[in-house]
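Please read the points below alongside the coordinates.

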Amino acid sequence: MRSVLAAFVILLCVSSAAGAQTKPGAAACAAMKSFTLPGTTVEITKADWVTAGSTPPAAGRGGPPSTLKLPAFCRVDGLIDRRTGGDGKPYGIGFAINLPDEWNGRFLQQGGGGLNGNVAFPLGAQAAGETPALLRGFAVVTTDTGHAATGFDAAFMREQQAGLDFAYQAVGRVAGLAKQIVAQYYRKAADHSYFAGCSTGGREAMLMAERYPTYFDGVVAGAPAMRTNFSGIGDEWVAVALNQVAPRDANGQPVTRQALSDSDKKTVIDGILNQCDAADGAKDGIVFNTKCVFDPRLLVCKGAKVDGCLSPAQAAALEKGFAGPKDSKGRQVYPGFPFDTGIAATQGIPGHLNGGLNPVGPPFAAVTMDVDARAAAALTAGDMLTMTSAWTNLNTFSSRGGKLLFYHGVSDPWFSANDTLDYYERMTAANGGAAQVTNWSRLYLAPGMGHCGGGAATLDSFDLLGAVVDWVEKGTAPDAVTATGRAFPGAAARCARTRSTRTTKDRATWRTRRISSVVNVSLRFQRPQSRRRPTIRRRRVRCRVTDRRSRSRPLC
């Protein structure tokens, strides 16, 4: 499990409003080894000075080495409440904090991923575009949330305190402790505090706004794992629907990955583009109009099944699977998944069209599913303890000036973007309606993007960290945030700029696209509870392509 639409503008925050701070240096870093906090059992296990020019660890297991060059910083590692658990195993809340020498006066807590279990490198790269928080001068902290584990080993949840720490307690305790470390090291408290994470980190971000409403000034929550007990039902529902039309092996079991051939998958993606791509005003391979309704029945073959069309059974399976599971009384148990251009993706977590998708285990091979039984089984005490989908009252957080940004990839195969949209709309209704909530919260949906990032035809690099800082500290609402990505290869020689004016009841949004090897596009902020479709006027402007060897000028 890992880390309302507006236009995506990058703001790199490299200096504090409070001005330059005195650099603590290596001696002050070494002194942090003796840090204590009255009333808290904390051990500082390491306080190391790191000179400028180091690189962070590679992202992900076996990922390419990072090319980032980090500034000088003090790395402090520690453990809160070292203990032996009720199961006889060692526990404690591990944490690490990087304290840059060139501090900008800001503090960021970095969310975790999966079931946590390890202390990640404190970098602050999630939803930070090309410049992670540490490089901007943020002090950044991470935590293992109270246990050591690998993968999705949930055995720690059987230990009471470890379960509570993972569910919600550890992130709050680390936040308070890290702020004290920052204050002692720099001899002043942080001017502003932020939290950013995706997946499990997105759930933790929601926790901060819901259960610790005074801790952070700005929060960025990506693809939140707000109720994994139910998202698993949604994933299995799609798999079962496709398994029902998959060919059988010699034992009569479905060959899950062959429910749709490569040709069939291409037919579906082409159908989505043909039916929905131009609905946003530009036919460019990205579906920004997330309200467009794709109908797989329009792809059914007129006669015998051939490449380029679907069988009636395949179309029906897609329609059923993506509509989401309902119980025997017709109640929606989990929202359906959107039809989007990334649902056939093979990178990262494979898209749903690949069949049998189970993000945390072997492929689902069943051809039937008892939704009632699965829904009842999902309501365990442990699962409900980690859920952040029910609490919507955020008036303490908002009334003190807190800002909350959500984002979600429309092609996310693990957690449906529709579930995040549902939460946002319920939260909006509970906090005075859109006119009030858009003063402090926004939701962005990223077309083509998978779980927390990735996708063959998406723009998944955007700076929501800079956007939330700008909103908190300057009062500038993020109606525009630029997204970039290496999509549409081979298009570097083509260059076009599209200007679209979208007129809704109360605003106009401008969008600029540059079609090249690195594509820039703005994602639209989706205003909740708005059913009025925007009108679109579009004008193309030709532009000159400069010498591609020149790195000092843009292509357009």
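1. Thr 142 counts as buried because its relative accessibility is 3%, where buried means under 20% relative accessible area, exposed over 50% and partly exposed in between, with a 1.4 Å probe and protein chains only. Thr 142 belongs to strand 5 (residues 139–143); helices (H or I, at least four residues) and strands (E, at least two) are DSSP runs numbered from the N terminus. The side chain of Thr 142 comes to 2.6 Å from the backbone oxygen of Ala 120. Contact is understood as heavy atoms within 4.5 Å, and when neighbours within four places in sequence are left aside, Thr 142 has contacts with Gly 94, Phe 95, Ala 96, Gln 110, Val 119, Ala 120, Phe 121 and Pro 122.

2. A word on the basis of these values: this is a predicted model, in which local features need pLDDT of at least 70 and side-chain atom pairs count only at pLDDT 80 or more, while totals for chains, interfaces and linings use all residues. Residues are numbered from 1 along each chain as its sequence is written, and side-chain values use heavy atoms, with hydrogens and water left out.

3. Pro 56 sits in the loop between strand 1 (42–50) and strand 2 (73–84), and with a relative accessibility of 5% it counts as buried. Its C-alpha atom is separated by 8.4 Å from that of Thr 67, eleven residues apart along the chain.

4. Asp 81, although not a glycine, has a positive phi of about 55°; Asp 81 lies in strand 2 and, at 26% relative accessibility, counts as partly exposed. Ser 199 is likewise not a glycine and has a positive phi of about 65°, but its place is in the loop between strand 6 (192–198) and helix 4 (200–211), and at 0% relative accessibility Ser 199 counts as buried.

5. Two packed helices are described by the angle between their axes and the distance between the axes. The axes of helix 5 (residues 228–243) and helix 7 (residues 312–323) come within 8 Å of each other and cross at roughly 165°, the axes being lines fitted to C-alpha atoms, for helices over the stretch in contact, with angles running from 0 to 180 degrees between N-to-C directions. Helix 5 is therefore roughly antiparallel to helix 7, on a scale where angles under 35 degrees count as roughly parallel, over 145 as roughly antiparallel, 65 to 115 as roughly perpendicular and the rest as oblique. On the side of helix 5 the contact involves Trp 237, Val 238, Ala 241 and Leu 242, which meet Ala 317, Leu 318, Lys 320, Gly 321 and Phe 322 in helix 7.

6. Helix 5 also packs with helix 8 (residues 371–378), their axes coming within 9 Å and crossing at roughly 155°, so helix 5 is roughly antiparallel to helix 8 as well. Here Asn 229, Phe 230, Gly 232, Ile 233, Glu 236 and Trp 237 of helix 5 meet Val 371, Arg 374, Ala 375 and Ala 378 of helix 8.

7. Val 287 lies in the loop between helix 6 (262–276) and helix 7 and is buried, with a relative accessible area of 6%. The C-alpha atoms of Val 287 and Pro 447 are separated by 6.1 Å, although the two residues are 160 residues apart along the chain. Leaving aside neighbours within four places in sequence, the contacts of Val 287 include Ile 272, Leu 273, Cys 276, Asp 340, Thr 341 and Pro 447.

8. Helix 13 (residues 464–474) is mostly covered, nine of its eleven residues being buried, among them Leu 464, Asp 470 and Trp 471. At its N-terminal end, helix 13 is capped by Asp 463, a side-chain oxygen of which lies 3.4 Å from the backbone nitrogen of Leu 465. Just after helix 13, Gly 475 takes a positive phi of about 75°.

Note on methods
Polar contact = N/O pair within 3.5 Å; in protein donor to acceptor, adjacent residues only side chain to side chain.
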